[in-house]
Amino acid sequence: MTDTQKTPGTDSADGVDGVDGGDALVSAFHAAGADYLFCSSGSEWAPVWESLARRHRDGLPCPRYLDLTHETVAVGMATGYGLVRRRPQGVLLHAAPGLLQGSMAVHGAMLAGVPMVVASSESTTYGDGPGQDPGGQWYRNLSIVGGPHGIAQPFTKWSNEAAGVHTLPTMITRAAELSWRAPAGPAYLNIPLEILLEEWDGREAKPVVPPGSTHSSPEEADSVAQLIREARNPVIVTETSGREAGGFEALVAFAEAWHIPVVEPDSAVCGNFPRTHPLHAGSDIGPWMDEADLILLVNCRAPFYPPSRRPSKARIVVIDEVPQRPHVVYQVLFADAYLEGNVANTLRQLAKRAKDLDGTAVAERRTAQEARSAAERSAVTTAETKAEQHQTEGIDPVLLAATLRELLDGRDGIVVDETITHSRIVKRHLWTDAPDSYFYVQGGLGQGIAVALGVKLAARERPVVLTIGDGAFAYNPVIPSYDASKAYELPLLIVVFNNRVYKSMNLNHRRFYPEGAAAETGEWLGTDLRRLPRLAAFAEPFGMHTETVDAPDALAPALERALKAVSEGTTAVVDVLVTR
Ligand SMILES: Cc1ncc(C[n+]2csc(CCOP(=O)(O)OP(=O)(O)O)c2C)c(N)n1
Ligand SMILES: [Mg+2]
């Protein structure tokens with residue numbers, strides 16, 4: 001390359017200090033608009049570190065860089081950040097082993113519909129080529145047959161190898177653009193170390209602009225509006241409308257315009273509709289299966305269970321930009337009509353068409369919904385009163401969720417949830433009613449702390465609470481997660497619903513073998529966690545605030561102290577010994 005082709009950051013005329021694939025990568029992520037590179041280290045990233053050091057020294061633009069000490073933390077933080085910011089970020093993992101370690105979280109990002117470009121590396125010369133020695137570990141230890149892009153393929157949207165330094169920046173911006181489009185999800189790029197070390201001509205990548213919008217046609221929207229007008233007992237069922245930019249607000253406007261109740265089934269994984277809204281119809285689609293005459297599935301990938309349980313008389317309209325999720329193995333929707341434009345756009349179009357409503361039908365469903373809403377409010381109150389009354393027996397999880405709700409009231413908090421048997425309680429009693437205020441951690445266990453850290457990174461001004469089971473907590477890379485919290489000043493309130501058991505799995509064992517040998521002898525294998533030490537204690541070496549609570553009277557004061565510590569900048573871990 002000639003000197004004139006070098007970037008302004010290149011300060012050597014002999015090419016030794018010239019830009020290479022590492023700088024091409026940094027330039028491309030900058031062009032893709034990534035705010036962050038979430039990196040879990042490996043020797044292939046030295047060219048990237050070198051580029052960043054050079055850019056920092058010379059005041060040149062680049063994404064912010066985070067040194068993270070575990071792959072789950074790197075990917076999980078990118079997921080949490082992307083849930084709030086909805087724009088692809090960069091994730092750098094180490095070779096095939098780092099990708100394998102991070103793959104559970106990449107799969108989680110795929111389920112969560114979060115855009116990101118994940119990269120890791122391999123060697124193509126194993127030390128037998130000219131140029132820099134990649135290191136014997138690539139020959140002896142790190143390679144995998146078919147290349148890391150082969151293993152990434154089933155749990156990413158797109159997976160490939162970068163074949164040369166000159167196509168690398170465009171490969172990265174292309175991967176970012178692919179990952180950003182519906183259904184958003186991670187794209188993977190294998191970037192061989194030799195390419196990262198190869199000289200690059202310093203051509204900065206062209207900035208990536210956001211995707212264009214997609215709309216359902218007015219004719220399609222008209223015909224669905226007509227179906228709604230003709231329905232007496234319609235219902236909206238949604239899992240993730242709140243995940244779309246503006247989706248939460250658009251769903252409220254749509255439901256209100258037509259007076260249609262909204263069910264958020266247990267498969268809902270983010271806040272879609274205010275829990276406190278009079279049109280919120282709880283989480284059970286059951287009562288509607290035979291009663292509704294129109295079911296509007298809005299971003300709802302798995303509405304019925306078993307999947308073949310078909311509503312008896314309802315027509316079904318599916319509103320989803322990509323209804324058949326390519327990564328879902330088995331999916332049954334029974335659609336009578338599809339609206340496949342951007343969901344927020346579609347809902348706004350439908351809201352505008354809410355004219356000439358049948359007054360009698362609206363009055364009927366308003367009365368029915370008022371009764372349903374009153375019954376739900378009273379059931380919530382009854383459950384909370386009962387939880388308070390049984391205080392002598394320990395801390396009921398309902399009491400924990402309700403106490404947290406009261407404490408968070410008016411603070412614009414965000415709840416990240418990695419509980420299992422307590423997740424219904426969290427949704428029902430720790431309700432959240434604003435956009436981007438509740439996220440359920442998807443995929444395998446062990447990502448919750450990282451996802452919460454990423455959410456906090458994207459919303460530093462809001463308190464972020466992680467609710468987590470004791471089993472899930474033990475799956476998290478706790479040390480690397482606490483390290484990230486401390487290093488990047490990301491204080492969380494972590495509340496452990498500690499029942500000393502993998503309750504969910506024990507319930508399944510009992511369900512499969514109600515009168516089996518384990519039921520007879522009491523030998524319940526695979527699920528007992530009583531031997532774990534005090535979970536809050538792992539935060540002590542990090543100087544974090546810790547509380548272990550086993551008495552109901554101590555609960556609210558402990559949570560208050562913890563929240564105060566968080567507002568002062570320290571992560572707080574409150575381990576609550578719950579009764580079930
Ligand atoms: C990576 C991973 N390994 C194993 C599992 C299987 N699994 C599902 S629920 C669960 C137990 C969770 O225990 P806890 O967080 O205490 O919740 P509880 O069941 O007590 O409500 C396990 C191990 C999983 N989901 N993910
Ligand atoms: Mg448990």
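**Overall fold**

I counted 20 helices and 17 strands in the chain; both are DSSP runs numbered from the N terminus, helices being H or I of at least four residues and strands E of at least two. The radius of gyration, taken over C-alpha atoms, is 26 Å, close to the 25 Å that the globule rule gives for 580 residues, so the chain is as compact as a globular protein of that length. That rule is 2.2 Å times the number of residues to the power 0.38. I noted that this is a predicted model, in which local features need pLDDT of at least 70 and side-chain atom pairs count only at pLDDT 80 or more, while totals for chains, interfaces and linings use all residues. Residues are numbered from 1 along each chain as its sequence is written, with chains lettered from A and ligands numbered from 1 in the order in which they are written.

**Domains**

I recorded domain 1 (21-197), domain 2 (218-372) and domain 3 (390-577), with bounds from an automatic or database domain assignment. The C-alpha centres of domain 2 and domain 3 lie 31 Å apart. Between them, 11 residues of domain 2 are in contact with 11 residues of domain 3, contact meaning C-beta atoms, placed from the backbone, within 7 Å. On the domain 2 side I found four nonpolar, four polar and three charged residues. Here Ala, Val, Leu, Ile, Met, Phe, Trp, Tyr, Cys and Pro count as nonpolar, Asp, Glu, Lys and Arg as charged, and the others, Gly among them, as polar.

**Thr 72**

I located Thr 72 in helix α3 (residues 71-85). Is Thr 72 buried or exposed? Thr 72 counts as buried because it has 28 C-beta neighbours inside 10 Å; the cut-offs are 20 or more for buried, 12 or fewer for exposed, and partly exposed in between, with C-beta atoms placed from the backbone. Leaving aside neighbours within four places in sequence, its contacts include Gly 102, Met 104, Gln 447 and Pro 477. The C-alpha atoms of Thr 72 and Met 104 are separated by 7.6 Å, although the two residues are 32 apart along the chain.

**Ligand 1**

I listed 19 residues around ligand 1, the closest being Thr 421, Gly 444, Gly 469, Gly 471 and Lys 503; a residue is near if its C-beta atom, placed from the backbone, lies within 6 Å. The largest share, four residues, comes from α16. By class, I found eight nonpolar, nine polar and two charged residues in the shell.

Key:
Two residues are in contact if their C-beta atoms, placed from the backbone, lie within 7 Å.
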